Amino acid sequence: MRSAVSTGGDGSALGPAARRVLADEVADALREAITTGRFEPGQRLIEHELATQLAVSRGPVREALSRLSQEGLVVVDRHRGASVATLSGDDADQIYSLRTALEELAVEWLCRLATSADFDRIEQVLARFGDLPRPLTRQAIAALDVDFHDAIFRASHHEPVCRAWAGLRSQVYLYLVQLGAHDDEFTTGWHDRHGRLLRVLRTRKSTAAVKATSVMVEAGHRS
């Protein structure tokens, strides 16, 4: 990999940037493997095996696992090492209590600040439902679901809330794949439910939009 290290105006070298870039790539690869189900819940993630598979040293793998631990996708135990997170019912309750609070706040701000372009981007995510391969899978619907709500958060133009959501979204996806998104109604009914939510959001009526969002999030938690 070409080095990303550069020099400042005074000629001094800056950081080990190349290693951080490599760790980003490793984290992306492991995140995809976890969220697509190639790594099972509870499966051990052994550094030297991952390093061999990815053709990297153990340092970037260790850094990537630490990052994924912060995202809630990996559990790191000092004695047993790293493993794929397995969400319990209590974990889900905590994740969704935070998600509800964040998304209700995001929708309040969306009603105030969203532009026509913001609504168009949400609509574009909704339209991608028709392009999903059939039969529908929980992984595909979960990914589209998170993208849809990403667009809602961006439309809020509330940066702290967006950052908080960014730290939670991987766990929401993992929940939908591991514990939710299993029944046919979640997959086949996804488009209609989210289309109704978008129509409410477009009215910019904050009380109605927050209520509709809360109902949507709770329905996803029960799926």
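Reader: In this predicted model, is Trp 165 buried or exposed?

Author: A residue counts as buried under 20% relative accessible area. Trp 165 has a relative accessible area of 3%, so this residue is buried.

Reader: What is the arrangement of the aromatic pair formed by Phe 153 and Trp 165?

Author: Phe 153 lies in helix α6 and Trp 165 in helix α7 (residues 159-178), twelve residues apart. Phe 153 has 1% relative accessibility and therefore counts as buried. Planes under 30 degrees apart count as stacked. With 4.6 Å centre to centre and 5° between the planes, the pair is stacked.

Reader: How are the rings of Phe 129 and Trp 190 arranged as a pair?

Author: Phe 129 is in the loop between α5 (116-127) and α6, and Trp 190 is in helix α9 (residues 190-203), 61 residues apart. At 9% relative accessibility Phe 129 counts as buried, and at 0% Trp 190 counts as buried. The ring centres are 5.9 Å apart and the planes are at 10°, so the pair is stacked.

Reader: Which residue has its charged end over the ring of Phe 129?

Author: Phe 129 belongs to one aromatic cluster with Phe 148 and Trp 190. The charged end over its ring, 5.0 Å from the centre, is that of Arg 134.

Conventions: Residues numbered from 1 in each chain as written. Predicted model: local features only at pLDDT ≥ 70, side-chain atom pairs only at ≥ 80, totals over all residues. Heavy atoms only, no water. Phe/Tyr/Trp six-rings, centres within 6.5 Å; stacked < 30°, edge-to-face > 60°. Helix = DSSP H or I, 4+ residues; strand = E, 2+ residues; numbered from the N terminus. Buried < 20%, exposed > 50% of the residue type's maximum accessible area, 1.4 Å probe, protein only. Lys NZ or Arg CZ within 6 Å of the ring centre and 35° of its normal.
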